[in-house]
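Please examine the sequence and the structure shown below.

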Amino acid sequence: MKKEQRKSEVHSCGSQKMVASRLQPPFLNPLFSSNSYSSHPLPSPSRPTFLALSANPQETSEPAKDRQKVVRIAWEKLVRWSRSWRSKAKTDVLERTNKVVVLGGGSFGTAMAAHIAARKAQLEVNMLVRNSQVCQSINENHCNCKYFPEHKLPENVIATTDARAALLGADYCLHAVPVQFSSSFLEGIADSVDPTLPFISLSKGLELNTFRMMSQIIPQALGNPRQPFIALSGPSFALELMNKLPTAMVVASKDKKLANATQQLLASSHLRISTSRYSSDVTGVEIAGALKNVLAIAAGIVEGMNLGNNSMAALVAQGCSEIRWLATKVL
């Protein structure tokens with residue numbers, strides 16, 4: 001009788017060990033296989049080790065604590081690596097960029113030139129302007145005498161009236177010429193434009209009579225349907241950019257890598273550049289940028305007539321609703 005009882009106990013103990021070995025998964029992920037942060041080496045992937053249940057709780061808890069420590073240290077290592085990689089990726093584009101050209105010497109073109117020049121002191125920022133007085137003011141006094149006479153521009157902002165000199169060796173081109181004059185302006189400098197030069201359009205709106213967008217105007221005027229194009233849009237006033245007030249914009253391009261590169265090039269502590277899974281929707285960004293201008297004009301009327309915050313809130317709510325309705329009907 002006693003022999004049979006001992007056999008059953010041994011059999012039950014063996015069953016418990018078998019169940020425990022099946023319930024305890026092997027720690028085989030190579031991502032956490034580094035031993036540099038722990039004195040307890042992990043089991044080899046070719047020979048997995050299984051932990052059995054023990055009658056002594058201390059024997060079970062100590063290996064579990066060691067494994068938790070290994071996992072925690074490995075996770076911290078992974079997080080640090082991820083942060084360093086993302087930080088490096090954000091600066092790679094800016095570090096590789098040596099020259100940026102801004103087409104147009106207006107308020108927004110000047111604000112964006114000052115913004116990107118402040119991002120890197122060694123970066124050469126050329127502004128292609130038509131007004132010789134503005135050109136002289138930027139080069140000699142470091143200010144745009146017409147639009148921002150009281151704001152000092154970074155010293156690495158250079159103005160010129162020579163299109164060939166401005167575009168030579170440029171890595172990016174910021175197009176800030178008004179939409180209605182863009183076609184004729186670009187046709188005049190088409191011979192100086194590199195066919196692989198990315199154009200970042202800062203101009204918002206549609207061309208009168210033709211209703212063309214900048215994504216259509218730029219390649220057609222340059223005679224290059226494959227000209228790299230990025231649309232940058234969003235509620236942004238040039239004066240507030242010059243004063244480094246918080247601003248948010250959105251970027252879109254058919255080339256996702258180009259959209260991400262533009263984000264890394266322009267984003268700063270006070271300018272947020274957003275991309276999303278719809279970052280390839282260039283048409284949507286351009287149309288929304290044109291429609292919000294109508295809303296902005298109406299908002300200016302409300303403010304000028306002192307109609308109050310209630311009217312402004314109602315205008316914004318109704319305007320956004322109509323833009324959303326129009327977008328759904330068009331799509």
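Q: Is M305 buried or exposed?
A: Buried means under 20% relative accessible area, exposed over 50%, and partly exposed in between (1.4 Å probe, protein chains only). M305 has a relative accessible area of 54%, so M305 is exposed.

Q: In which loop does M305 lie?
A: This is a predicted model, in which local features need pLDDT of at least 70, side-chain atom pairs count only at pLDDT 80 or more, and totals for chains, interfaces and linings use all residues. Residues are numbered from 1 along each chain as its sequence is written, and side-chain values use heavy atoms, with hydrogens and water left out. Helices (H or I, at least four residues) and strands (E, at least two) are DSSP runs, numbered from the N terminus. M305 lies in the loop between α10 (282–304) and α11 (308–330).

Q: Where do the buried residues of α9 lie around the axis?
A: In α9 (residues 256–266), the buried residues are L258, A259, A261, T262, L265 and L266. They cover an arc (taken from the directions from the helix axis to the C-beta atoms) of only 160°, which puts them on the same side of α9.

Q: Which residues are exposed on the other side of α9?
A: At the start of α9, a side-chain oxygen of D255 comes to within 3.1 Å of the backbone nitrogen of K257. On the other side of the helix, the exposed residues are K256 and K257.

Q: What is the phi of N209 near?
A: N209 is in the loop between β5 (199–201) and α7 (214–222). N209 counts as exposed because its relative accessibility is 75%. Its phi is positive in a residue other than glycine, near 70°.

Key: A polar contact is a pair of N or O atoms within 3.5 Å; within protein, one must be able to donate a hydrogen and the other to accept it, and residues adjacent in sequence count only if both atoms are side-chain atoms.
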